[in-house]
4 protein chains.
Amino acid sequence: MKYPPIHYHDYLKLNSLLESQKLRSIEFGQKAHDELLFITVHQTYELWFKQILWELDSVLDVFHKDYVTENEMGTVAARLSRCSDIFKFILGQIDILETMTPLDFMDFRDFLYPASGFQSYQFRMIETKLGLKPDQRLNYNQQPFYAQLEKKQQDEVRQALERPSLFDRLESWLKRMPFTQNKHFSFWQEYQKAVEQMFLEDSETVTKNSRLGPQEREKTLQQLQGAQEIFDSLFDPEKFKKLNEENYFRLSVDAVKSALFILLYRNEPALQISFQVIQTLQDIDESLTQWRYRHALMVHRMLGRKIGTGGSSGHDYLASTIDKHKIFKDFFNLSTFLIPKSKRPLLPPDLQKLLKFGFENETSSES
Amino acid sequence: MKYPPIHYHDYLKLNSLLESQKLRSIEFGQKAHDELLFITVHQTYELWFKQILWELDSVLDVFHKDYVTENEMGTVAARLSRCSDIFKFILGQIDILETMTPLDFMDFRDFLYPASGFQSYQFRMIETKLGLKPDQRLNYNQQPFYAQLEKKQQDEVRQALERPSLFDRLESWLKRMPFTQNKHFSFWQEYQKAVEQMFLEDSETVTKNSRLGPQEREKTLQQLQGAQEIFDSLFDPEKFKKLNEENYFRLSVDAVKSALFILLYRNEPALQISFQVIQTLQDIDESLTQWRYRHALMVHRMLGRKIGTGGSSGHDYLASTIDKHKIFKDFFNLSTFLIPKSKRPLLPPDLQKLLKFGFENETSSES
Amino acid sequence: MKYPPIHYHDYLKLNSLLESQKLRSIEFGQKAHDELLFITVHQTYELWFKQILWELDSVLDVFHKDYVTENEMGTVAARLSRCSDIFKFILGQIDILETMTPLDFMDFRDFLYPASGFQSYQFRMIETKLGLKPDQRLNYNQQPFYAQLEKKQQDEVRQALERPSLFDRLESWLKRMPFTQNKHFSFWQEYQKAVEQMFLEDSETVTKNSRLGPQEREKTLQQLQGAQEIFDSLFDPEKFKKLNEENYFRLSVDAVKSALFILLYRNEPALQISFQVIQTLQDIDESLTQWRYRHALMVHRMLGRKIGTGGSSGHDYLASTIDKHKIFKDFFNLSTFLIPKSKRPLLPPDLQKLLKFGFENETSSES
Amino acid sequence: MKYPPIHYHDYLKLNSLLESQKLRSIEFGQKAHDELLFITVHQTYELWFKQILWELDSVLDVFHKDYVTENEMGTVAARLSRCSDIFKFILGQIDILETMTPLDFMDFRDFLYPASGFQSYQFRMIETKLGLKPDQRLNYNQQPFYAQLEKKQQDEVRQALERPSLFDRLESWLKRMPFTQNKHFSFWQEYQKAVEQMFLEDSETVTKNSRLGPQEREKTLQQLQGAQEIFDSLFDPEKFKKLNEENYFRLSVDAVKSALFILLYRNEPALQISFQVIQTLQDIDESLTQWRYRHALMVHRMLGRKIGTGGSSGHDYLASTIDKHKIFKDFFNLSTFLIPKSKRPLLPPDLQKLLKFGFENETSSES
C-alpha cells in the first residue's frame, strides 16, 4: 500500500530467469531432452551459491571488526547454520542429476566442451572465503586453480585470497578470547596438569591390572606413552611448530587453547553460541567434502574411466582432492586432545562470573 | 572440438541469471538481509517448475498420439519418476525458507505487496496439465483461479484447460487397453464372480465362528454386507454414475476396469511399466498435497492468524484446499476394490501370451 | 581395558533385537514377503520414540526445577534440536513403507486385526509429555484416547496427564522470566504505545495517499481498524480471556508477554538460546503434524476409502485431527503480534546489563 | 476376525524390543545421557540391515534358478529399488548420531571397548551377498575380515563366500541372455564396426578442421587413437584378459556384451526392467560407498587423529577402503564404451520381435 504494487512475476524477474536456459543441442539442431535437466541443476546450484556467499559475506562483516559484539553472535550462528542447511540440501541435487543416464548425457556432452564445473567462479569464491588455501588444492596442469575463470573473475579470486578468510578471522577471534588466562588462573597450565594426572592414573590402572600378562602390560604401557607424547606436542613450542608445518593444525597455539576451552566448557553461557559456531563449521566442512565425493562418483558413472596409464581420469582427480580440501580440519583434529569432563580443571569464581549473564551475577550478588 | 567452444559461465547464462535478484528492500533504501533468501527459494522453485513442465510436456507428447508404442513407455516411466523425485526434493526448500524468522520477514514483506505465490503461472500450468479441474479448486474471491496471472498467461492457462490433460490421456489410454476382454474371457465378469465368492466365504466364516455371540455375529454380517454394497456400485451403471457425480471416480467404468486389471496383474511383463506409472502418479499427488500442507504451516508460522470472524486467513484457506486438490485420487480410491491375490481370476493362455515378451512365446512355441 | 571387554553383538543385544520380528503370515502358514517391512518400519519408529522420550524426560528434568540454570539451557536447546532432527528424519520412513503396494499389504493385513498404530503407548506419551491435552484430540468412539492401550500403560498415561507437561513448564518458565518489568520500565506499556503509534502512522499514510480513491481509502482504513482490534485483545483482560477460551492462546497473558519479549529482543545474549528453543518447538510441531498428514495419505493409498455415509474412514479421521493437534500453536499465533524491528521499544541500560554477559559488563564498567 | 486378535504391542514384540537397550555407563554407575542415542542408531541400523538381507535373499532366490521368469523381474526391480531407498535413507542416521559431541562420546566410549562396527555380522553378510570379494577388502591386521565376528557367524560368512553372490548370478544371467547373437545378426560384430566408423569420422573431422594448427591437429589425432585403443581391449581376448586381471572388469566378455546391449537398447520392452536393475545396483553401490565415507568423516570428528607415524588411525583406514569396495564397478566402467544413439547398430526385425510384447507382435502380424 505504501509502496508501488508489484507482481510475483516481475518481482522474481521471471522473464530473464526463465529465458536463461538455452540448450546447445537445440542450437545445433540435435535437441537432447535431458540437456535442460543438466542446465537446471547447475543453475539452481549457482543460485544457492550466491545465497551462500551472501550469508558468508554478512558473517565476515561481523568478524572483520576488531571486536565482535555478542548481540551479533546469535545472527552469526543462525546464518552459518543456514549455510549448513543449504549445503546439506543441495547434496540431494546430485540424485536428481543422476536420473539422467550416461547414454542420454552422450546426446549433448560434445556440445558443452570445454565448459566444466571447475569454471564456477562462485564455488571458488565460497572455498576461498571460507579459508581454503591454494596449497591445499591439487595442482591441475601446473596452473593456478582459478586459471579457467574469466579475466575479471580471476582478479577477484586473487583479491579474495589476499583478504582474511573466515578461517583467518576465527583464528584472530579465538586468540583475542579473554578467558584462558587471568591473574589467578592459567587454563593451559591446569589443562597440562590434568593431562599428566590422567596418564598417571591410567598407567597405575594398567600396572595394577592382574588380568594382564607381563607382555600385554608392557605393550599397553607403551601405547599409553605414545598417546601421552601426542599431547606433549601441544605444550612444547618446537613440537607444535611441527604440527603447523605438517598441516595438522593451521591455527596458532593460542587459538588452539581457546578452541579447546570452548569445547570443554561449552555449557558456560558465554560459550554456548561459540560452541554452536564451531560445530556448524564442521558440518559445513563435512557437507563440502561429501559433495566433492558424490561429484566424483557421478563423474565415474557418467563417463566411465580410462584404462591404465595415460592421464588421470576426472574421477581419480576428484577422488584425490577430497580429503585434502577440508578447511576446518583443525576442529576435527582437536578431538584428539579432549579430556573427560570429570578431569576438567575447575574454573575460579571470578572467571565463571565473566561467563555468566548479567542477571545471574546480579541475583547472586544480591543474595 | 567439432563445435565452437563455450565457457561454463556463458553456457549457463550466469550474467542474466545472477543479476535477476533485485531486493525491493534495497530499492527502497531499507536493506533486509533475508530478502535474498526469499527470492532464491522462489526462483529455484520456478526453475524446477520449468523442468517439471518440460518433462510433463514430453510425456504428454507420447500420450497425445492415438497409439502409445511400448518402446516409449520406459521413457515415460523414467520421466514421471524424475518429476516425482523433483517434487519430493523441493519439499525440502521450505525447511530452508523457515530459517527466516517471522520478525525478519517483517523487514520486507510490505515491499512485496501484492505479489503472492498464487501468481505463479508455471505452478498453475503444472496443476492444469496434470489434470486438476477448476471445479476442484476453492473459489477465491469469486474469480477464476488464474485471475491474478498476467493477461497472456491467462490465455495460455485457458488454452491448457481446453486441451486434454495427463489425467484425460490416461483415461483414454486405459480405455483402449486391449486386455480386459477377448472372445473367451471377460475380466469384468470373472472379477465380479470372484468378489461374490469372496463375500460368500467371508459370510460362512462368520456364521460358523463359534467365538462370536449372536449379536456380534449379526453386526459383523451387516458390516460384510455394507462392504459388498460398495463393490456393487462398480457393477451397476446407475450406481457407478453416482460415484462419478460424487467425484469418487473421475475415470469412466472402462478405464477403472483396466486400472484394476493393471493393479491385480502387475507382474505380467506387459503391465510392469504401466503399474510403475500409476504408482508414480500417486507419489506425485502425495508430494503435491504435502507441499500445499507445508506451505499452509509456513504461512501460519510467518504471519500468525487472524482471530474470530472477519475473513479467512491465508492459513485456513490453504489448509482447506489440500485434500480437494488431489488429482489422481481415483488410483487411491481403487484400493477399496482390490481382492487378495489368491482370489484373482486366472488369465487364459491366449491372453497370457499377449502379455509376455516375444522371446518367451518363441521359446514356449518351440518346445 | 579398565572394564570387562564387550562384543558389538552383545552390547547391542542383537540376539533379542533380531529375534523380535515374528511374521504372523508365517505363523498362519501364508508367508507374506512384505510383512517384515511393515514390522521393521514400526519397530524402528518405536526405537526412535524411546529415544525421543529419553531426551524429553531429560529436558523436563531441567524444567521441573524452580530455577533453570543458564548452564543447562545449551543442553536443553541441543536435546530439543536432536528431537526435531529425529522427527524430521523419521518422516522419511513413510516413503519406504509406501514401497509396499496395497495388493501386497492385503497379503497379511487380516492377520494384524485389530492391531493399530493408535495403540502405540510411546507415541501417546510423547504427545502427552509435550503437552497435548485430551480435549485437543478427536473423540474416537466416545472413549478416552488411551482406551486401546494395555492396562498398565493406561495408568501411566493418566499419571503423565496429571503431571506438568513441557508446555506447562514453559508457561511457568516464561511467567517467571524477570525481564519484562522493572522499576523504570514496563515492556508491556511500551509495547502497547508502540502498537498504537504504528497504527496511527499507518492510518495517516492511508489518509494522505492520493493514489487511493475515497472508497478504497475507507476500505483500507477499516482493515487497519480490524487489525488494531486484534492487538487490542492482548491488552484487555476480558478479551484475552476470550482468546484463552477459543484456544487461540493456551498461555497466560504473562507468559505471552515474555514470549513476545524473546521474539522481539532475541539478539540480546541472554535470549539467544531461549529463542532457539521456541523455534525448535515450532519445528517439532510442524514435523508432528506433517507426520500425521503423511500417515493419513498413506492410509488412503493402502486402504482406499469407503463410500457415502456409514462411518468415517480411517483417512477422514486422520485428516481431521491434523490441525487440532498442534501443541505449540501459541508460538505460531504470536506472529500476529510482532511489530517491525524499528518500532521496538528501546531497552533501558540497566535492563540491557542484565541481558549481557559478565565479561561484557566488566569491560564496559572498566572503561 | 478369522484369526486370533493381536495387540500392536505384542505384534511388535515391544517388550523385548524396548528392553534391549542396556547402557554400559549405567551398569558401571556413570550414566552417560548420550549412550542411548549411540545404541538407538546402531540398533535401527541392524533392523534395516535385516530388512535388506530379507530383500536380497528373495532376489537371490529368483536368480538362483536356471531360468529367471520375466514375471518375477518386476518384483526383483521393486525389491532392489526398495534396498536402494533404504540405503539412501539410513545415510541420514549419521547426521543424527553427529548431534552427539566428541566430549559427550568420551563419557562412555571406554565402556564399549573393544566393540566396533567392524563386528556387524549383518553388514558383512550384505557386502558378501552383493558380491564383495575378500581381495577387494583391505587387510586389517593380517586377519580375514570376519575374524572379529562370533564363531558361528564366521562359519556363515565363509559359507556365504562360497555360494554365488548377486554379482555372480548377474554374470550368469547376462551370459545366458539370448539377444546378442542369432543366425543373421552378431551384435558384437556390428558394434565393433560402429566403433571403427565412429573413430574414422572423428579423425576426418579433425583432419579437415581448418581452425586447428598442425601441432594441435597432431595432438588431437593422438588422443583419438588413444581412445580407440581403449575400445580395442574389448575385442582382443588377450587385452580383455588384462582388464579382468586389473579388476577393471570382473565380468566375462560375454556378460559385458549383454550388459552393453541392455544399456544401448534399453527402450526395447524386454530390456526396460533389466536396465532399471542395472541402474539400481549402481545406486546401491553409490550409497554404500557414501556411507563408508560419511562413517570415516564421523570417526575423524569424534576421535580426532593420531599424529605422524605409529599406526594408521581409524579414519585413515576407513578412507582408504572406500573406492576399493565398489561392488558393481563394472557397470560404472561400462560408460567408457557407450556410443551415441545415432551410431547404434540397427536391430533386425526378427530380433526386435523377440524384444516386443506378445500383443504388439499379434497386432503387427494381423495387419
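Me: Which residue forms a salt bridge with A:Glu127?

Reply: This is a predicted model, in which local features need pLDDT of at least 70 and side-chain atom pairs count only at pLDDT 80 or more, while totals for chains, interfaces and linings use all residues; side-chain values use heavy atoms, with hydrogens and water left out. Residues are numbered from 1 along each chain as its sequence is written, and chains are lettered from A and ligands numbered from 1 in the order in which they are written. A salt bridge requires a side-chain nitrogen of Lys or Arg within 4 Å of a carboxyl oxygen of Asp or Glu. With the closest N and O atoms 2.7 Å apart, the partner of A:Glu127 is A:Arg292.

Me: How far apart in sequence are the parts that A:Glu127 and A:Arg292 tie together?

Reply: Helices (H or I, at least four residues) and strands (E, at least two) are DSSP runs, numbered from the N terminus. A:Glu127 belongs to helix H8 (residues 121–130) of chain A and A:Arg292 to helix H15 (residues 269–303) of chain A, so the parts joined by this pair are separated in sequence by 165 residues.

Me: Are A:Glu127 and A:Arg292 buried or exposed?

Reply: The classes rest on relative accessible area (1.4 Å probe, protein chains only): buried is under 20%, exposed over 50%, and partly exposed in between. On that scale, both A:Glu127 and A:Arg292 are buried.

Me: Which residue of chain C meets B:Asp283 in a salt bridge?

Reply: The N to O distance of this salt bridge is 2.8 Å, with B:Asp283 as the acidic member. The pair crosses between chains, from helix H15 (residues 269–303) of chain B to helix H15 (residues 269–303) of chain C.

Me: Is C:Glu246 buried or partly exposed?

Reply: C:Glu246 forms a salt bridge with C:Lys242, the closest N and O atoms being 3.8 Å apart. Because its relative accessibility is 41%, C:Glu246 counts as partly exposed.

Me: How many salt bridges does the structure hold over all chains?

Reply: Side chains of opposite charge can pair when their charged atoms come close. One network of salt bridges links A:Lys88, A:Asp283, A:Glu286, D:Asp95, D:Glu98, D:Arg294 and D:Arg301. Over all chains, the number of salt bridges is 100.

Me: Which three residues supply 12% of the area that chain B buries against chain A?

Reply: Contact (heavy atoms within 4.5 Å) involves 70 residues of chain B and 71 residues of chain A. Buried area is the accessible area (1.4 Å probe) that two parts lose on being put together, summed over both; here it is about 6700 Å², with 65% given by carbon and sulfur atoms. The three residues that supply 12% of the chain B part, more than any other three, are B:Tyr8, B:Tyr11 and B:Trp54.

Me: Which residue of chain B meets A:Arg82 in a salt bridge?

Reply: Between chain B and chain A the rule finds 2 salt bridges. In the one formed by A:Arg82, the N to O distance is 2.9 Å and the partner is B:Asp34.

Me: Which element gives the largest share of the side of chain B that touches chain A?

Reply: The interface has 38 residue pairs in polar contact (both at pLDDT 80 or more), a polar contact being a pair of N or O atoms within 3.5 Å; within protein, one must be able to donate a hydrogen and the other to accept it, and residues adjacent in sequence count only if both atoms are side-chain atoms. The elements giving two or more residues to the chain B side include helix H1 (8–11), helix H4 (35–64) and helix H5 (70–91) of chain B. The largest share, 18 residues, comes from H4(B).

Me: Which residue of chain D makes a polar contact with the side chain of C:Gln21?

Reply: C:Gln21 lies in the loop between helix H2 (14–17) and helix H3 (24–27) of chain C and, at 8% relative accessibility, counts as buried. Within chain C, its side chain makes a polar contact of 2.6 Å with the side chain of C:Gln43. Across to chain D, the polar contact is 2.9 Å and the partner is D:Lys50.

Me: How many residues has the largest nonpolar core?

Reply: A nonpolar core is a set of buried Ala, Val, Leu, Ile, Met, Phe, Trp, Tyr and Cys residues joined through side-chain atoms within 4.5 Å. Those with the most contacts inside the largest core are A:Tyr191, B:Tyr191, C:Tyr191 and D:Tyr191. Beyond four places in sequence, B:Tyr191 is in contact with residues including B:Phe231, B:Leu260 and B:Phe337. The residue count of the largest core is 476.
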